[in-house]
Amino acid sequence: MAAGACARGSRQNDVVESSRSRPRDVVLLGSTGSVGTQAADVIRRNPGRFRVAGLAAGGSNPSLLAAQAIEFGAAVVAVERESAAAEVREALKAHAAQAGRAGRTGQRPGPLTVLAGPDAVAEVAAWPADVVLNAVTGFSGLAATLAALRAGRVLALANKESLIVGGPLVAGLAAPGQIVPVDSEHSAIAQCLRSGTGSEVARLVLTASGGPFRGRSRAELDGITPEQALAHPTWNMGPVITINSATLVNKGLEVIEAHLLFGLGFDKIKVVVHPQSVIHSMVEFTDGSTIAQASPPDMRIPIALALGWPDRVPGAAPAIDWSTAHTWTFEPLDESAFPAVAIARQAGQTGGTAPAAYNAANEICVDAFMTGRLPFAAIVDTVAQVVSEHDGRAKDAVSLADVRAVDRWARARAAELAAAWGQRTHHAVGTALKRGETAG
């Protein structure tokens, strides 16, 4: 794919324009989530650089979605959950009235369009705008990614899953420079790549915090609770990506994403554990030089850069305080305790719809873990089994129907395996109780 799909620098920028004379119109997909609200903060503090053209969210927080629409004067609001449409409309009225009483409203002239249903988010992704930030969670972001690319929008991509599962499908639509990464690691790589030509790149080095269980053995991962897994040591993220960071599945997804964005083979993409999360990733060049991008663990920096690419947005977040002492450490990834990255490499090298199987199985397993139906360590075990059962035929051209079919199969198979875990646990508990009664 893709050496040209990602915007890597102004000299390769066929889509993104620099130094605009007017604010960029931005569509925020997933506007009420962690990345979406931080993007709204960047836009709020830079009214001369950006303005909101449209908003979209799943529908779990209709009041916040309505408040954002009124504050920024969006032309369109979409909600994926149709049942939430009435709540959004009522909240819009309430927030509009409140803003009117306070004498502050960002409302543009003309009516506000409200869309609802499973296709609504993708419809807003193609709305007239300069940049579409896709911060939707999981596989559901694929349709929006495809819609934005087809419409010729610059895609600020936080929804890595859509690129990973779409693979060649997304590659076939993306023009050179049309995708700008939002993940801090891939944003860092895109910045570091400005230091040399493609032929001078030796390898990419993705950094990983190691999550809350860094240093634990496989045996020490038994009995982990959702509360423990959600306590990330450095980043403040949504629940799904936080669990993915704890299992290192997120880093596995990022390895596949780096391959697709930057066009390097998996043998040239390495992972190193960096607990402080200050070095966000590195590029090693053929002369032995390594260029690293450093900043505090604040997502507003890569978000602002993606919205303003290739230009930086001053004051996106506080910089590193160089007047104090710092210690930054690096260590190899323990793949025996955290095999998710190795499994992702296998899926990525297989190609075709194998990455879609990896992603779909994980989404089901994370939900099962969060609801107490699957042990923490079994998340990656189950994903590995689903990937191994996938037929694995690599295809140069994967259709949307292929991706959807594998997504459905992998979800169903992961659900079966998770249910089997639950049955084994229930049986084991029952047997232990009976033994206790006998002993008594």
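In the predicted model, Leu29 touches Ala56, Val121, Val124, Ala125, Val132, Leu133, Asn134, Ala135, Val136 and Ala144, when residues up to four places away in sequence are not counted. Leu29 belongs to the largest nonpolar core, a set of 140 residues in which Leu29, Leu133, Leu204, Phe262, Leu307, Tyr358 and Phe376 touch the most other members. Helix H14, which spans residues 354-370, supplies the largest share of this core, with 10 residues.

At the level of the whole chain, 16 helices and 12 strands are found, and buried residues make up 53% of the 440 residues. Among contacts between residues at least 6 apart in sequence, 73% join residues at least 24 apart.

In helix H13, which runs over residues 340-350, the buried positions are Ala340, Val341, Ile343, Ala344, Arg345, Ala347 and Gly348. An α-helix has 3.6 residues a turn, so residues three or four places apart point the same way. The buried residues of H13 pack against H10, H11, E9, H14 and H15, and just after this helix Gly351 takes a positive phi of about 75°.

Rolling a probe the size of a water molecule over the atoms shows where empty space is left. The count comes to 2 cavities of 30 Å³ or more. About 70 Å³ of space lies in the largest cavity, which is lined by Arg218, Leu221, Thr247, Ala337, Phe338, Pro339, Phe376, Ala377 and Val380. Helix H15 (residues 376-389) gives the most to this lining, with 3 residues. By class, the lining of the largest cavity comprises 7 nonpolar, 1 polar and 1 charged residues.

When sorted by class, the lining of the second largest cavity has 5 nonpolar, 6 polar and 1 charged residues.

Several features of the backbone lie in loops. The peptide bond from Trp309 to Pro310 is cis, with omega near 5°, and Pro310 is found in the loop between H12 and strand E12 (331-332). Positive phi values in residues other than glycine occur at Leu248, where phi is near 75°, and at Ser277, where phi is near 55°. Leu248 lies in the loop between helix H10 (239-247) and helix H11 (249-262), whereas Ser277 is placed in the loop between strand E9 (269-273) and strand E10 (279-285). Leu248 has a relative accessible area of 3% and is therefore buried, as this value falls under 20%. Ser277, at 6% relative accessibility, likewise counts as buried.

A search of the whole structure finds 0 disulfides. Cys192 counts as buried, at 2% relative accessibility, and Cys365 is also buried, with a relative accessible area of 0%.

Key. Residues numbered from 1 in each chain as written. Predicted model: local features only at pLDDT ≥ 70, side-chain atom pairs only at ≥ 80, totals over all residues. Heavy atoms only, no water. Core = buried A, V, L, I, M, F, W, Y, C linked by side-chain atoms within 4.5 Å. Buried < 20%, exposed > 50% of the residue type's maximum accessible area, 1.4 Å probe, protein only. Helix = DSSP H or I, 4+ residues; strand = E, 2+ residues; numbered from the N terminus. Contact = heavy atoms within 4.5 Å. 1 Å grid on protein atoms, 1.4 Å probe; cavity = no way out; pocket = protein on both sides within 12 Å on 5 of 7 lines; lining within 4 Å. Points joined across faces, edges and corners; volume = space filled by probe spheres on them. Nonpolar A, V, L, I, M, F, W, Y, C, P; charged D, E, K, R; others polar. Disulfide = S-S within 2.5 Å.
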